[in-house]
Amino acid sequence: MKRTRTAALALAAAVATALPALGQAATAAEGTYLQDPAGGEKAMKSLWTKDEMHKVEGQFRFYPGVQYKTVTRPGPAGAPEFERRAGDPKTLAWQPSFDFGWAVSDSTLVKKAVTTKDGKHPIVVHAVLRRSGDHAKAAEVHKELADRPATGRAKVPGGKRIACDTGEYTVEWSVTRSGYGTLSGTLRWNSSCEQYRTAFSTEHGRA
């Protein structure tokens, strides 16, 4: 119990540092994401062309982007006049965004060897967020990126508000370099807001 309480307090403290003026929307845990393929910064899926002279690599990150509004709460016991802003659990919601990474390589002489990453490339990124139960689309993004460097990233806002605690979702994504191929993948996301709701609760707010 003590460990759970400590974790909740730590989360609340981290969120509090990003709180805006009273009543405005906020985005917490912006650095929290799910990645496919799993791994570090350089983890990528890769695909060679049939002649094994060109390669496209891809990486995808899903940022849930939790949002909320703030309310004024009294200070700790003994000093209630020291009011402060705190997240309002009733206003919690998700505002997802999708982040795509790519790398395009060309072999100069030998197949799958002595590769270079040069020039500008047409990159197409696509992602769909679906409810796992009925596969209905909750959000979708599609962007054609012209004249992009051989190595790059693009973050695309989902443009949709997802309610908390509406179950599990599947994210389907793809990165395409025309003439080279398409990399794709899926990952799962749980829309539960319980950890934030706990951190914002009155009990933890007054600890």
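Strands here are DSSP runs of E with at least two residues, numbered from the N terminus. This is a predicted model, in which local features need pLDDT of at least 70 and side-chain atom pairs count only at pLDDT 80 or more, while totals for chains, interfaces and linings use all residues. Residues are numbered from 1 along each chain as its sequence is written, and side-chain values use heavy atoms, with hydrogens and water left out.

**First stop: a pocket**

Select Glu41, Met44, Glu57, Gln59, Gly101, Trp102, Ala103, Lys117, Thr151, Gly152 and Arg153, which line the second largest pocket. A pocket is an open set of points on a 1 Å grid over the protein atoms alone, with protein on both sides within 12 Å along at least five of seven lines, and its lining residues have an atom within 4 Å of a point. At least two lining residues come from each of strand 4 (54-63), strand 9 (97-107) and strand 13 (151-157). The space in this second largest pocket is about 160 Å³, a volume being the space filled by probe spheres set on the points.

**Second stop: a hairpin**

Now colour strand 11 (residues 120-131) and strand 12 (residues 137-149), which pair in the antiparallel sense over ten bridges; two strands pair if DSSP finds at least two bridges between them. Leu129 can be picked out opposite Ala139 of strand 12. Between the strands of this hairpin there are five residues, and His135 takes a positive phi near 65°. Staying in strand 12, go to Asp147, a residue other than glycine whose phi is also positive, near 55°. Asp147 is exposed, its relative accessible area being 59%, where exposed means over 50%, buried under 20% and partly exposed in between, with a 1.4 Å probe and protein chains only.

In the loop between strand 2 (34-36) and strand 3 (45-48), select Pro37, which a cis peptide bond with omega of about 0° joins to Asp36. The loop between strand 3 and strand 4 holds Glu52, whose phi is positive, near 60°, and which is partly exposed at 30% relative accessibility.

**Last stop: Asn190**

Finish in strand 16 (residues 181-190) with Asn190, which is partly exposed at a relative accessible area of 43%. Leaving aside residues up to four places away in sequence, Asn190 touches Gly167 and Glu168, where contact means heavy atoms within 4.5 Å. Although Gly167 is 23 residues from Asn190 along the chain, their C-alpha atoms are separated by 6.1 Å.

Definitions and conventions: Helices (H or I, at least four residues) and strands (E, at least two) are DSSP runs, numbered from the N terminus. On a 1 Å grid over the protein atoms alone, a cavity is a set of points where a 1.4 Å probe fits but cannot get out, and a pocket is an open set with protein on both sides within 12 Å along at least five of seven lines; lining residues have an atom within 4 Å of a point.
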